[in-house]
Number of protein chains: 2
Amino acid sequence: MDRQTKQRRIETYRRRCREGGLPLTEQRMAVLEAMLDLDDHPTADRVHDVVARRDSRVSRATVYRALESLARIGVITKACHPGKAVRYDSRTETHHHLVCLRCDAIIDVTDDRLDALPVPDTSSYGFVVSDLRVQLRGVCRRCRELEETS
Amino acid sequence: MDRQTKQRRIETYRRRCREGGLPLTEQRMAVLEAMLDLDDHPTADRVHDVVARRDSRVSRATVYRALESLARIGVITKACHPGKAVRYDSRTETHHHLVCLRCDAIIDVTDDRLDALPVPDTSSYGFVVSDLRVQLRGVCRRCRELEETS
DNA sequence: TTAAGTGCAAAAGCTTTGCGGGTAG
DNA sequence: CTACCCGCAAAGCTTTTGCACTTAA
């Protein structure tokens, strides 16, 4: 992510915190920065690795709590995936994912036709939809190559 | 799921096992039956609860292993979701999900327009898509009602 | 000042694995 | 017979929590 975009995202975060009356701490800022630097839908643990490399005093619990609160105020999102550890996504606008069913990799993909998809009426379920996302499930390049050589 | 459909699914399973050279054990059969009876995308632990209620000798490890092998041969699938425990889906044909971002509930939804969506070309990613699924993320009826009363 | 966040360590929840024994084919 | 599966228990990984202390506003 380029420097300017990153700066803008951080400003958004500051503003949301002021609005919500949340103290803006160094640790949460570090977690947000790590998320913006990582563009591969990391687990909480991987975010902790990155944060701890820059400041080894930040605890794992703080990273878990920070990611949860960032997601709650909508500065980051949780990604849908078939695996066992929660995956966070620094992008909040609508976009779509390639999901590898072998290695659980998540790859961003944009497609005008997918973006133009109308949200179906789900009122009969009593369900209020906030966002529509398409998942293209399959096998990524690396996993296919690994299978070929075996 | 009606009796006839269930019987058909079990036959499919027997056939796939014969084809793949996998022994067909009582325990795996019990896990498959539990999945077919549960229609709410359960976690492995919930499947174990159901299986154990019918035969308390079936261990948790066996249920985890059985679900994994059923998914590997394609008799069930893993569902994409934002939570922390793996969720299994007894449906294997393409369908779509409402995903509650509050309680992680997953609700099946079918929509002709969504089903008709063409799979975008992902060859530039080296990614081979096996299936396209739409997730409508939002808040389910129960969670909205809970929020209103609080 | 004070409400909220933090670090630590322990607990809790989810999943895998090693191993001796069992079973389908 | 033989490869694969099972139950058990232990280990491993992921996430949450209680508590005393710190900090942003």
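This is a predicted model: local features need pLDDT of at least 70, side-chain atom pairs count only at pLDDT 80 or more; totals for chains, interfaces and linings use all residues.
The size of an interface is often expressed as the accessible area that is lost when the parts come together. Here the area buried between chain A and chain B is about 3700 Å², and carbon and sulfur atoms give 60% of that area. On the side of chain A, the residues that lose the most area to chain B are Y125(A), F127(A) and R137(A), together 20% of what that side buries. Each chain brings 44 residues to the contact: 44 residues from chain A and 44 residues from chain B.

Polar contacts also cross this interface, where the rule finds 18 residue pairs, both residues of each being at pLDDT 80 or more. The side of chain A that touches chain B draws two or more residues from each of several elements, namely β1 (77-79), β3 (96-100), β4 (106-109), α5 (112-115), β5 (128-139) and α6 (141-148) of chain A. Strand β5(A) supplies the largest share of that side, with twelve residues. By residue class, the side of chain A that touches chain B comprises 25 nonpolar, nine polar and ten charged residues.

Eleven bridges join β5(A) to strand β5 (residues 128-139) of chain B, and the two strands run antiparallel. Within this pairing, V134(A) stands opposite V134(B) in β5(B).

The discussion now passes to charged side chains. Side chains of opposite charge can pair when their charged atoms come close. Over all chains the structure holds 28 salt bridges, and across the interface of chain A and chain B the rule finds two. A salt bridge links D131(B) with R137(A), the closest N and O atoms being 3.3 Å apart; R137(A) has already been named among the residues that lose the most area to chain B.

D131(B) also takes part in a salt bridge with R133(B), at 3.0 Å from N to O, and both R133(B) and D131(B) are buried. In chain A, R133(A) forms a salt bridge with D131(A), with the closest N and O atoms 3.0 Å apart. Both R133(A) and D131(A) are buried. Elsewhere in chain A, salt bridges that share partners join K6(A), E33(A), D37(A) and R54(A) into one network.

A further salt bridge in chain A connects E68(A) with K78(A), whose closest N and O atoms are 3.1 Å apart. This pair links distant parts of the chain, as E68(A) lies in helix α4 (residues 60-72) and K78(A) in strand β1 of chain A, ten residues apart. E68(A) has a relative accessibility of 33% and therefore counts as partly exposed. K78(A), at 25% relative accessibility, also counts as partly exposed.

Finally, two residues of chain B deserve attention for their backbone angles. H41(B) has a positive phi, near 55°, in a residue other than glycine. H41(B) is found in the loop between α2 (26-37) and α3 (44-54) of chain B. Buried means under 20% relative accessible area, so H41(B), with 3%, is buried. For D104(B), phi is near 65°, again a positive value in a residue other than glycine. The place of D104(B) is in the loop between β3 (96-100) and β4 (106-109) of chain B. With a relative accessible area of 24%, D104(B) is partly exposed.

Definitions and conventions: Residues are numbered from 1 along each chain as its sequence is written. Chains are lettered from A and ligands numbered from 1 in the order in which they are written. Side-chain values use heavy atoms; hydrogens and water are left out. Contact means heavy atoms within 4.5 Å. Buried area is the accessible area (1.4 Å probe) that two parts lose on being put together, summed over both. A salt bridge is a side-chain nitrogen of Lys or Arg within 4 Å of a carboxyl oxygen of Asp or Glu. A polar contact is a pair of N or O atoms within 3.5 Å; within protein, one must be able to donate a hydrogen and the other to accept it, and residues adjacent in sequence count only if both atoms are side-chain atoms. Helices (H or I, at least four residues) and strands (E, at least two) are DSSP runs, numbered from the N terminus. Ala, Val, Leu, Ile, Met, Phe, Trp, Tyr, Cys and Pro count as nonpolar, Asp, Glu, Lys and Arg as charged, and the others, Gly among them, as polar. Two strands pair if DSSP finds at least two bridges between them. Buried means under 20% relative accessible area, exposed over 50%, partly exposed in between (1.4 Å probe, protein chains only).
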